Amino acid sequence: MARFAAKKTSKPGDSLIRDDYEHGYSFDTDSYEFKSGKGLTEKIIHQLSRMKNEPKWMLETRLRAFGEFQARPNPMWGGDLSPIKFDDISYYLKPTEKVVKSWADVPKDVKETFDRIGVPKAERKFLAGVKAQYDSEVVYGSLKSTWVKDGVIFLSMDEGLAKYPDLVKEYFGSVIPLNDNKYAALNTAVWSGGSFVYVPKNVHVKMPLQTYFRINAEAFGQFERTLIIVDEGASVHYIEGCTAPQFNSTSLHSAVVEIIVKKGARCQYTTVQNWYKNIYNLVTKRAHVSEEGQMVWTDFNMGSKVTMKYPSFILAGKGAKGETLSMALAGEGQHQDTGSKATHLAPYTSSTIIAKSISKGGGRTSYRGKVFISPNAHHSKNTVVCDALLLDDKSRSDTYPVDQVYNNQVEIQHEATVSKIGDDQLFYLMTRGMSEENSRKMIVNGFIADLVKKLPLEYAVEMNRLIDFEMEGSIG
Amino acid sequence: MITYTIKKNQSKKIELTKPGQYTVELVGEGAEALVSGVFQTKDKETIATEILIHHKSPHTSAKTTLKGVARDQSYLRFKGKIIIDEHCGDTRSFLTERVLLLSPQAKAEAVPDLEIKTSDVSCSHAASVSNIPEEHIFYLQARGLDRRKAEEIIVEGFLTVSN
């Protein structure tokens, strides 16, 4: 036995990236109720709106947004979006006739997909309500009767618009206007599916609500639209999960999520994103937080080719709080451009952003964030911590934070570190009899432990399993 | 734009006295840079300092500290960036940006960027923007200093860079 561990204990090889993505299967789309064909025109938007039987204002909003989308160039910063071919993408694919309330009524292919992902099992065990979106439409929805009795609304966005048109009209686009950015405009033009959640005053939804997003078709664009309204003193935890099959051509996922957190309310929004590595994931998420309200984003990005996502909060009421916990993992050919934006508009507001990223096999992670303290926001506090772990020499990590401070009665802090797994750390664990691979897994799991802790137990277990899975064979 | 180039086994202390754009390139193995800059603004001044620390060679190190105090309605901007190129192992680089805002109308912007393309590095940055904590002033006042003097001493201490 060598007395000293070798200084360089490993040379990561090409075997870092696994080719077997466990959600890579797909079913054919012949049996679909409706397919829009490739490309996007005003005619398709008219047709889409007519099929959904929408009020006139929605069609007008869609058309205006379509104009904005066409007029705007791709952003010059962030990931490389030039390979997206807008004319080769199908914008609307309707797999089934309507949303059903029982898994028995879901078509066989669709049901099998969600069975394999484990959605029905999770629903029975620990969720208050479930939505399952397959390509463009929500195909299944449920909500436990306890919450129905309390007046909680959990519908697909399309049902929400049909049943509560006034509520939707009041808040739709109020946090993210249709001209916010190119992809928010595209989403507004062709949105379909997504969730509509309303939690009445002082109702605490104690179990999470979950929506499961699945892309099945090839060269497709999924544009779900989510609106969550948490009324005064209420609380809710919403979870979304995403997977897609293994195709060569690229698909686009561009969601818009708007959240309204009223006085003293609390909302936690958790994303576990594990798209296949051909998906462009360009998402706009923002919350408007009133007095004493609290918004928590927990954002886990493992999959996709390029992700550009910056969940943000506008702290508009006195004493409002915001928190973002973000984790990104980038492997070969992936670019995770994630971060968060904190806008402090009122006094005594506080926010925390914790971002952890892991790059390996030539992957690239970027933290991009902005903290804005308005002249009114005296006695506000903000802390940003970004830690990056680079697992080999081919990978890259960037940090692009901006702090803009227009008031002096504040405390603003930013910290970032970039490092690798230390040889001394590995040595320590290996002298205690652990293999190198297990030591590495343990260090990586420890690196993200405080974020994983914030997930419901079932997801935390799954997350650790996924990380182990990604780390497998990372020793050459 | 002023560029400093630091060659093999060279160690250099750089003190920035004027706002503007600066680049520090570490081009040879063993190059070391200690960069510091202290800025004060008052009235309606706006000043901006941009600095790029570019590690182009392995075994290099840099420590960069920017500090500023903004009074009255002035606006102070710091933009710092560390780039570590590919194959520049055993690199250490630290960037600190600290701003003290002494009046309610004073404004600040701090941007500390990192672009790291090598894994064998130790790199970090820190930024902070705040006013003088009331406890600090209280501490000195309790020892018999008046408010103005207390502030003066705290600012003086704040602006001292120990490189």
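Two strands pair if DSSP finds at least two bridges between them. The legends below describe a predicted model.

**View 1. Strand pairing between chain A and chain B.** Strand β24 of chain A, residues 410–419, pairs with β10(B) in the antiparallel sense. Eight bridges join β24 of chain A and β10(B). Within this region, H414(A) stands opposite A127(B), a residue of β10(B).

**View 2. Contact between chain B and chain A.** Chain B brings 32 residues to the contact and chain A brings 30 residues. The size of an interface is often given as the accessible area lost when the parts come together. For chain B and chain A the buried area is about 2,500 Å², with 47% of it given by carbon and sulfur atoms.

View 3. Two salt bridges are found across the interface of chain B and chain A. One of them joins the side chains of D120(B) and K420(A), with an N to O distance of 3.2 Å. On the side of chain B that touches chain A, the elements giving two or more residues are β7 (75–84), β9 (107–116) and β10 (121–130) of chain B. The residues of that side of chain B comprise 16 nonpolar, nine polar and seven charged.

**View 4. The aromatic pair of W77(A) and Y310(A).** Over all chains, the count of aromatic pairs comes to 13. In the pair of W77(A) and Y310(A), the ring centres lie 5.9 Å apart and the planes stand at 55°, so the pair is tilted. W77(A) lies in the loop between α2 (56–71) and β2 (93–94) of chain A, and Y310(A) in the loop between β16 (306–309) and β17 (312–315) of chain A. The pair thus links distant parts of the chain, 233 residues apart.

**View 5. The elements of chain B.** Chain B holds two helices and 10 strands. From the N terminus on, their order is β-β-β-β-β-β-β-β-β-β-α-α. Taken along the principal axes, the C-alpha atoms of chain B fill a box of roughly 55 × 30 × 25 Å.

Definitions and conventions: Residues numbered from 1 in each chain as written. Chains lettered and ligands numbered in written order. Predicted model: local features only at pLDDT ≥ 70, side-chain atom pairs only at ≥ 80, totals over all residues. Heavy atoms only, no water. Contact = heavy atoms within 4.5 Å. Buried area = accessible area lost by both parts, 1.4 Å probe. Salt bridge = Lys/Arg side-chain N within 4 Å of Asp/Glu carboxyl O. Helix = DSSP H or I, 4+ residues; strand = E, 2+ residues; numbered from the N terminus. Nonpolar A, V, L, I, M, F, W, Y, C, P; charged D, E, K, R; others polar. Phe/Tyr/Trp six-rings, centres within 6.5 Å; stacked < 30°, edge-to-face > 60°.
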